[in-house]
Amino acid sequence: VKLIYSRCVSDLHHVSSLVKPPLNVKQVSNSLSHIIKEHINSLRNAVTTHWNSRDYVKLQRAFYALRQLEALFISESAIYTKSWKGIREEIEDEIEKLAKELTTFLTKHGGNKAFENLSDFALKLIRIGRILDGLPDFKGIVRLKMSQILDKCRDRSWGFAFLFKLGLLLEQGEQIEKEGDDTIGQAIVAEFKHFNEVRTFSWNDETVKKPPDQSIKELKTEKFKAPNKPPTPCNSKHKFLLQQYKLYEDNYQSFFDEYISNETDRTKLILKVQDRARAVQPSSIEAWDESVIDALPFLLAGVFAYFTILISGDSFNRLLSETNSRSDHSKVLMKPHPVQVLTILNILTRSGLPHHLMEVRTGEGKSMILGATSAVLAILGFDVRVTCYSEYLSERDNALFSDCFKDFGVRQFIHYSKITKLREHQIAKRVDIRERTLDLFRGQLEPTHHIQSSSAALIPSSNNV
């Protein structure tokens with residue numbers, strides 16, 4: 001814009017000599033300056049209007065355009081004047097004011113009184129959250145202020161339980177003063193680590209949960225005998241799976257009860273799992289036998305119990321100490337649901353371990369299934385590769401179990417990556433990915449340095465593991 005303006009003014013002198021009567025260069029130049037100045041003034045008026053109405057989305061658009069133009073023409077005295085009072089200082093003052101209101105609330109209210117006025121605090125938080133959501137230019141300062149306030153809240157003796165109930169209130173989206181406040185409340189829960197427990201609670205609510213009996217009844221098993229031929233039904237071992245699940249459940253609860261306290265040495269749980277795995281460790285997938293299968297409920301329970309305590313044990317203990325009600329806050333525990341456990345047991349309790357395809361419906365938690373299966377296989381001595389079509393999803397799933405892998409000492413044996421990296425040359429460049437995946441399950445994939453006799457590959461798609 002500045003370049004066009006400068007060129008227009010410069011070219012006026014050349015154009016003037018080519019026409020008759022000659023152009024009044026000064027008058028035309030002044031007209032151009034006036035047009036640009038009027039546009040800047042209209043943007044200034046729009047900024048003021050949107051600020052007064054607290055329409056942050058429109059304010060951001062006008063504010064951005066105005067800032068760009070003023071940066072271009074600040075050296076043009078005919079266009080830019082410093083007489084206009086900027087809005088930035090007023091926005092920063094507003095942020096300070098809203099932050100002070102929240103801080104004052106925490107100073108004045110304590111214990112029961114704070115809980116009684118929870119809705120008032122939630123609305124105040126949403127008001128400053130509107131700026132966080134609508135004005136990206138101010139996101140840094142707003143996020144800092146909100147984080148400091150939530151830190152102060154957490155430091156109160158009653159703060160952890162207060163934050164948990166506050167997060168649930170925001171997540172429900174019922175604190176609405178203006179249109180869009182429900183979304184802003186949910187965005188606050190997603191943005192700040194102070195609401196990790198609420199996100200786990202929501203995950204537990206959203207993830208499909210069915211009792212083990214029902215999940216097992218719905219389980220269907222089919223065998224693919226040859227390419228291009230329909231599968232045939234086979235024995236799903238429902239009774240055996242239910243027995244295995246009950247063994248898992250008993251071990252999981254026993255481990256959880258023994259190690260949930262912060263006073264316990266949780267490395268002992270890791271050692272128990274490692275010792276049991278070492279006693280039955282097969283030399284290869286082909287050597288997968290009854291001794292390994294019998295140990296699986298114990299191994300899987302140990303891995304999942306440690307994962308639950310590692311991810312959400314502190315939250316559970318803090319809520320328990322503040323409310324003294326164990327059952328009320330079990331939903332803050334990130335623990336596997338029956339269908340996830342049964343999926344793993346159904347894959348790993350078969351004598352012919354290789355070449356299985358499990359279909360898991362949307363919402364049933366493939367990330368948990370993949371993470372725990374990888375951990376168990378790695379603890380048993382296998383090199384595990386989890387491949388996915390999406391690098392983002394692969395990194396996300398890896399991060400969920402990363403600390404668990406590290407504590408069990410198997411981090412170096414578990415590799416998450418895109419499917420193209422599994423057979424990069426042959427799959428990504430020369431053959432159809434879908435066909436090569438089917439070849440893997442059929443046992444027809446050519447051996448390479450990626451898939452060895454002591455290796456396992458887990459390949460999730462949108463609905464399959």
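Trainee: At roughly what angle do the axes of H6 and helix H9 cross?

Mentor: Keep in mind that this is a predicted model. Two packed helices are described by the angle between their axes and the distance between the axes. For H6 and H9 (residues 181–191), the axes come within 9 Å. Their crossing angle is roughly 80 degrees.

Trainee: What do we call that arrangement of H6 and H9?

Mentor: Angles of 65 to 115 degrees share one label. The axes of H6 and H9 cross at roughly 80 degrees, so H6 relative to H9 is roughly perpendicular.

Trainee: How many charged residues are there in the contact of H6 with H9?

Mentor: Look at who meets whom: on the H6 side there are Leu125, Ile126, Gly129, Arg130, Leu132 and Asp133. They meet Asp181, Ile184, Gly185, Ile188 and Glu191 of H9. Sorted by class, the contact has 5 nonpolar and 2 polar residues, and the number of charged ones is 4.

Trainee: Now the rings! Which kind of aromatic pair do Phe121 and Phe162 form?

Mentor: A search of the whole structure turns up 18 aromatic pairs. In this one, the centres are 5.4 Å apart and the planes make 75 degrees. Planes over 60 degrees apart get their own name, so Phe121 and Phe162 are edge-to-face.

Trainee: How many residues apart are Phe121 and Phe162?

Mentor: Both of these residues, Phe121 and Phe162, are buried. Phe121 belongs to helix H6 (residues 118–134), and Phe162 to helix H8 (residues 159–172). The pair links distant parts of the chain, with a separation of 41 residues.

Trainee: Trp288 and Phe382 pair up too, so how far apart are they in sequence?

Mentor: Their rings are tilted, 6.0 Å centre to centre with 45 degrees between the planes. Trp288 sits in the loop between helix H13 (267–280) and helix H14 (290–323), while Phe382 is in the loop between helix H16 (366–379) and strand E3 (383–388). So the pair ties together parts whose separation in sequence is 94 residues.

Trainee: Is Phe382 buried or exposed?

Mentor: The cut-off for buried is under 20% relative accessible area. Phe382 comes in at 2%, so Phe382 counts as buried.

Trainee: And how many residues of helix H15 are buried?

Mentor: H15 runs over residues 338–348 and is largely enclosed by the rest of the structure. Its buried residues include Pro338, Leu342, Asn346 and Leu348.

Definitions and conventions: Residues are numbered from 1 along each chain as its sequence is written. This is a predicted model: local features need pLDDT of at least 70, side-chain atom pairs count only at pLDDT 80 or more; totals for chains, interfaces and linings use all residues. Side-chain values use heavy atoms; hydrogens and water are left out. Rings of Phe, Tyr and Trp (its six-membered ring) pair if their centres lie within 6.5 Å; planes under 30 degrees apart count as stacked, over 60 as edge-to-face and the rest as tilted. Helices (H or I, at least four residues) and strands (E, at least two) are DSSP runs, numbered from the N terminus. Buried means under 20% relative accessible area, exposed over 50%, partly exposed in between (1.4 Å probe, protein chains only). Axes are lines fitted to C-alpha atoms, for helices over the stretch in contact, and angles run from 0 to 180 degrees between N-to-C directions. Angles under 35 degrees count as roughly parallel, over 145 as roughly antiparallel, 65 to 115 as roughly perpendicular and the rest as oblique. Contact means heavy atoms within 4.5 Å. Ala, Val, Leu, Ile, Met, Phe, Trp, Tyr, Cys and Pro count as nonpolar, Asp, Glu, Lys and Arg as charged, and the others, Gly among them, as polar.
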